[in-house]
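Good morning, colleagues. Please bring the sequence and the coordinates up on the screen, and I shall take you through them.

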Amino acid sequence: MSDLLKKYLTTDHSTRIQALRLDQAWQTGLAHQDLPPRVAGLLGELAAAAVLLASNIKFDGSVVLQLQGNGPVRLIMVECTADLALRATAHVQESAEIPDTTSLQSLLNPDGQGRFTVLLDPAGRQEGAAAYQGIVPLEGDTVAAALEYYMKHSEQLDTRLWLAADGTRCAGLLLQRMPGKTAADTSAADTADATWAHCQTLADTIQPAELLADTPDTLIHKLFWENDLLAFPDQAVRWHCPCTRERVADMLRSLGQAEIDSILAEQGHIHIACNFCGKPYEFDAVDCTSLFLKPADQLQAPGSDSIH
Ligand SMILES: [Zn+2]
């Protein structure tokens, strides 16, 4: 099975282990985005990280992760909801040449002003109400390192990530240290320290190619076969961008008929792509005419006896 997140806990309850691989959902997400392979790889790593983190949020809403900077890549952004609906996009400077070996820092952060932002956005948030936002400098040579830097500098739980992605798959492994129950219980704390160190040692043996090739089940078995783990139910992940033809139609309507007529006169039809997922929407002359037709029930003048 693909597009699944697997969650486990060590038997001493001290360390959370999560593994994820996306196939179909990732391919759907990239289908309309013409990204250089290196950028698709970074976007996939950030997508895997966002899903791994979103599965642990305790509210109905979403996690948004953003890498921003002034290099050939301006923005890499992923949003994942608590029920694991994912969307992701990247903005690349036009005409930028991006070799596969370009480092994360030179792609996004040549001037050292790059930022890594984490936004926790509750669903149905009132306009003007604050979402939680954490911003740190963009540090590290990988998406995992940038994220670990953020976690360390924002008093989050100790977290380690191993991420990998290409044009067809993205995958990740997360280890997170659970909050201790009582500081006084030193033997439990010692056990927890040992478990945390042991899990990291095992996970550090994994190569990116294995993360992409193995299913989460295989990966977990390969790494932790000597350890008893408590397993939780699988969680399915799906790609979802809320753009629809109707929303695009609303946007075109808001431009006004004169503007639409002038685009039609110039181009013969309107081609527009969602600026998040890149999905294309076509409106020909007939579609455009219908944008400005009033529903039949509104054609009648109020108080129709006054027509004469
Ligand atoms: Zn879209």
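This is a predicted model: local features need pLDDT of at least 70, side-chain atom pairs count only at pLDDT 80 or more; totals for chains, interfaces and linings use all residues.

Glycine 256 comes directly after helix H8, and its phi is positive, near 95°.

How many of the 11 residues of helix H8 are buried? The number is one, so H8, covering residues 245–255, lies largely in the open.

Let us turn to the domains. Domain 1 comprises 4–180 + 188–239, and domain 2 comprises 245–298. Taken over C-alpha atoms, their centres are 37 Å apart. Domain 1 contributes five residues to the contact, and domain 2 contributes six. On the domain 1 side, four of these residues are polar and one is charged, with no nonpolar residue.

Next, the sheet. Six strands make up an open sheet with mixed pairing, in the order S7-S6-S3-S4-S5-S12. Strand S7 (132–137) and strand S12 (238–239) are at the edges with a single partner strand each, so one side of each has no neighbour in the sheet.

Within this sheet, strand S3 (residues 61–68) pairs with strand S6 (residues 115–122) in the antiparallel sense, over eight bridges. Leucine 65, for instance, has valine 118 in S6 as its bridge partner.

Finally, the helices on the sheet. Helix H4 (residues 143–153) packs on the sheet and touches S3, S6 and S7, its direction making about 115° with that of S7. Helix H2 (residues 37–54) lies across S3, strand S4 (73–81) and strand S5 (85–92), and runs at about 30° to S4.

Thank you for your attention.

Definitions and conventions: Residues are numbered from 1 along each chain as its sequence is written. Domain bounds come from an automatic or database domain assignment. Two residues are in contact if their C-beta atoms, placed from the backbone, lie within 7 Å. Ala, Val, Leu, Ile, Met, Phe, Trp, Tyr, Cys and Pro count as nonpolar, Asp, Glu, Lys and Arg as charged, and the others, Gly among them, as polar. A residue is buried if 20 or more other C-beta atoms lie within 10 Å of its own, exposed if 12 or fewer, and partly exposed in between; C-beta atoms are placed from the backbone. Helices (H or I, at least four residues) and strands (E, at least two) are DSSP runs, numbered from the N terminus. Two strands pair if DSSP finds at least two bridges between them. Axes are lines fitted to C-alpha atoms, for helices over the stretch in contact, and angles run from 0 to 180 degrees between N-to-C directions.
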